[in-house]
Amino acid sequence: MQRYLAGFLFALAGALLANWLHLPLPWMIGPLLVTSISKLRGARTQSHIAFRSMGQWVIGTSLGLYFTEEVLHIVLDNTVAIVLGMLFALFLGSAGALALRRWGDVDFKTAWFASAIGGASEMANLAERNNARIDRVASAHSLRVLLVVVTVPFVYKFLGLHGLTVNTTAAIAFSYSGFFQMIAITSAFGFAFGKLRIPNPWVLGPLFIMTVLTSNHIELSVIPPEVQHAGQMFIGWSLGDKFGPDFFRRAPKYLGVVALVCVGSLCLALVFCALLTLISDIPLATLYLANSPGGIAEMTITAKVLQLSPPVVTAFHVSRMVFVLLVTGPLYRLISKKYQLT
């Protein structure tokens, strides 16, 4: 219990400090940086999966409030761009796997699952089923998400990139009864999605039911800013908690290659998004968040805070996540069998 309390206090201090320093996304990046630095220095703190689940619940529920009937039509109008984004994620993962296998001193199967642009826990599960190095896979995804989450918001702040669109949730009034109804309904779907073993259940379950309700003009309540800040803090805390004193000492060369691959992926994503603007009306800043190699929770938080079309970014990331999870395993077996790679 003391470790959880200490971890919470570190995360809260990081959020308050980042907010005072006017850092981008202070309620997520502050806890992430303070927690990861303290863990790397040996602090005996800990986060629980329940805190991350609560953070994911806040994200999924708040994002669902954006999906009005009009917004759904905008998302459907960009189906081609979303499909291209899914294929681009597969390309990034494949290119990263080749780089890791050649320069990272790991076998192909470990490189493959470590480079796939998908959730860390889901890729670790696939790695275990295929006898890959789970520790290498998990560490690669942790470092990738850290680099993307820290780099992208700071670049956006430096360039002054933010949305000018009106917040569609602003017209929804806060209601105590509606808010508690929302908690009950969305939590039920989060729990159900978890039982069905659907990835990121506490994002996708609440997101699904709130999208259904919002698109049918059923507005229960808005989520108070304090709750949204707490959700972002829990996400940042849980991300920073993945690091430990020996994280960078385990395989420095391997993690160095992972970092270079991540930087290369961010650069390739910029080129891809610039090309995508030729066939899409989505602004480049939004497209980049939608196709960057970050996690669904972190990138949708960034889009929401910066008001850069959160529903569009969410649609890209959800589609990509489902696609990558469906094809990563079968494609690995096909490639390894054809080319005799292990």
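Visitor: On what basis are residues numbered, and which pLDDT is needed for local features?
Guide: Residues are numbered from 1 along each chain as its sequence is written, and side-chain values use heavy atoms, with hydrogens and water left out. In this predicted model, totals for chains, interfaces and linings use all residues, side-chain atom pairs count only at pLDDT 80 or more, and local features need pLDDT of at least 70.

Visitor: How many helices does the protein have?
Guide: Helices (H or I, at least four residues) and strands (E, at least two) are DSSP runs, numbered from the N terminus. The protein has zero strands, and its helices number 16.

Visitor: What is the radius of gyration of the protein?
Guide: The radius of gyration is taken over C-alpha atoms, and the globule rule is 2.2 Å times the number of residues to the power 0.38. For 342 residues that rule gives 20 Å; the value for the protein is close to this, so the protein is as compact as a globular protein of that length. Along its principal axes the C-alpha trace spans about 60 × 50 × 45 Å. The radius of gyration is 19 Å.

Visitor: What percentage of the 342 residues is buried?
Guide: Buried means under 20% relative accessible area, exposed over 50%, and partly exposed in between (1.4 Å probe, protein chains only). Of the 342 residues in the protein, the buried ones make up 54%.

Visitor: Among contacts between residues at least 6 apart in sequence, what percentage joins residues at least 24 apart?
Guide: A contact means heavy atoms within 4.5 Å. Among contacts between residues at least 6 apart in sequence, the share that joins residues at least 24 apart is 77%.

Visitor: How far apart are the mean positions of the positive and negative charges?
Guide: Lys and Arg count as positive and Asp and Glu as negative, while His and the chain ends are not counted. The place of a charge is taken as NZ of Lys, CZ of Arg, CG of Asp or CD of Glu. There are 24 positive and 14 negative charges, and the distance between their mean positions is 13 Å.

Visitor: Which backbone oxygen does the side chain of Ser36 reach?
Guide: Ser36 is placed in helix α2 (residues 26-40), and it counts as buried because its relative accessibility is 6%. Not counting residues up to four places away in sequence, Ser36 touches Gly240 and Phe243. At 2.8 Å, its side chain reaches the backbone oxygen of Leu32.

Visitor: Is Trp202 buried, partly exposed or exposed?
Guide: Trp202 is found in helix α10 (residues 201-215). Leaving aside neighbours within four places in sequence, its contacts include Ser53, Trp57 and Phe191. Because its relative accessible area is 22%, Trp202 is partly exposed.

Visitor: Where is His22 placed?
Guide: Phi of His22 is near 60°, a positive value in a residue other than glycine. With a relative accessible area of 60%, His22 is exposed. The place of His22 is in the loop between α1 (2-20) and α2.

Visitor: What is the relative accessibility of Arg197?
Guide: Arg197 lies in the loop between α9 (176-195) and α10. Its phi is near 60°, a positive value in a residue other than glycine. Arg197 counts as exposed because its relative accessibility is 75%.

Visitor: How far apart in space are Ile235 and Arg101, C-alpha to C-alpha?
Guide: Ile235 lies in helix α11 (residues 225-240) and counts as buried, at 0% relative accessibility. Its contacts, leaving aside neighbours within four places in sequence, include Met28, Gln56, Ala297 and Ile301. Ile235 and Arg101 are 134 residues apart in sequence, and in space their C-alpha separation is 31 Å.

Visitor: Which residues does Gly231 touch, not counting those up to four places away in sequence?
Guide: Gly231 is found in helix α11, and its relative accessible area of 2% makes it buried. The C-alpha atoms of Gly231 and Leu196, 35 residues apart along the chain, are separated by 24 Å. Not counting residues up to four places away in sequence, Gly231 touches Gly55 and Val58.

Note on methods. A polar contact is a pair of N or O atoms within 3.5 Å; within protein, one must be able to donate a hydrogen and the other to accept it, and residues adjacent in sequence count only if both atoms are side-chain atoms.
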